[in-house]
Amino acid sequence: MTDASSRDILLNRLLRIPTPVMAGVLLVLIFVGLMLAGPVGAVLLGLALLTLSVMLALVWPAIPTTERMLRLAVILLLLAISVVRLGGL
């Protein structure tokens, strides 16, 4: 997805989704993923991680460095939690 036009199309589609809806879906994915043990919880956390990573990659050039690091820290924290939970299988 290195083509700038495909990046712009995806970003425009994501921007059409209302912020409360996107935040709610991500919160539900994370919450349910943390509550469920095993592979189902890991898949839900993986979906949340994938969504957050794509969103960060799309807005990376437009946000300041402090916001980049904060968002990256959230992704890494969620990744660490999911690895620890998956390791408990």
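1. Start with the inside of α3. Its buried residues are Gly-41, Leu-44, Leu-45, Ala-48, Leu-49, Leu-52, Leu-56 and Leu-58. Buried means under 20% relative accessible area, with a 1.4 Å probe and protein chains only. Helices here are DSSP runs (H or I, at least four residues), numbered from the N terminus.

2. A word on the source: this is a predicted model, where local features need pLDDT of at least 70 and side-chain atom pairs count only at pLDDT 80 or more, while totals for chains, interfaces and linings use all residues. Residues are numbered from 1 along each chain as its sequence is written, and side-chain values use heavy atoms, leaving out hydrogens and water.

3. How long should α3 be? With 21 residues at 1.5 Å a residue, α3 should span 30 Å, and its end C-alpha atoms are 30 Å apart, which agrees. The expected span is 1.5 Å times one less than the number of residues.

4. Now bring in α2. The axes of α2 and α3 come within 7 Å and cross at roughly 145°; axes are lines fitted to C-alpha atoms, for helices over the stretch in contact, and angles run from 0 to 180 degrees between N-to-C directions. In this contact (heavy atoms within 4.5 Å), residues including Leu-26 and Ile-30 of α2 meet residues of α3, among them Leu-44 and Ala-48. By class, the contact has twelve nonpolar, three polar and no charged residues. Ala, Val, Leu, Ile, Met, Phe, Trp, Tyr, Cys and Pro count as nonpolar, Asp, Glu, Lys and Arg as charged, and the others, Gly among them, as polar.

5. Next, follow α3 to α4. Their axes come within 10 Å and cross at roughly 160°, and α3 and α4 are therefore roughly antiparallel to each other (angles over 145 degrees; under 35 counts as roughly parallel). The contact includes Leu-45 and Leu-52 of α3 and Ile-75 and Leu-78 of α4. Its classes are twelve nonpolar, two polar and one charged.

6. Which residues of α4 are buried? They are Arg-68, Ile-75, Leu-78 and Ser-82, and the buried residues of α4 pack against α2 and α3.

7. Finally, compare α2 with α4. The axes of α2 (residues 19-35) and α4 (residues 65-87) come within 11 Å and cross at roughly 25°, so the two are roughly parallel to each other. Ile-30, Gly-33, Leu-34 and Met-35 of α2 make the contact with Leu-78, Ile-81 and Arg-85 of α4.

Technical notes
Angles under 35 degrees count as roughly parallel, over 145 as roughly antiparallel, 65 to 115 as roughly perpendicular and the rest as oblique. Buried means under 20% relative accessible area, exposed over 50%, partly exposed in between (1.4 Å probe, protein chains only).
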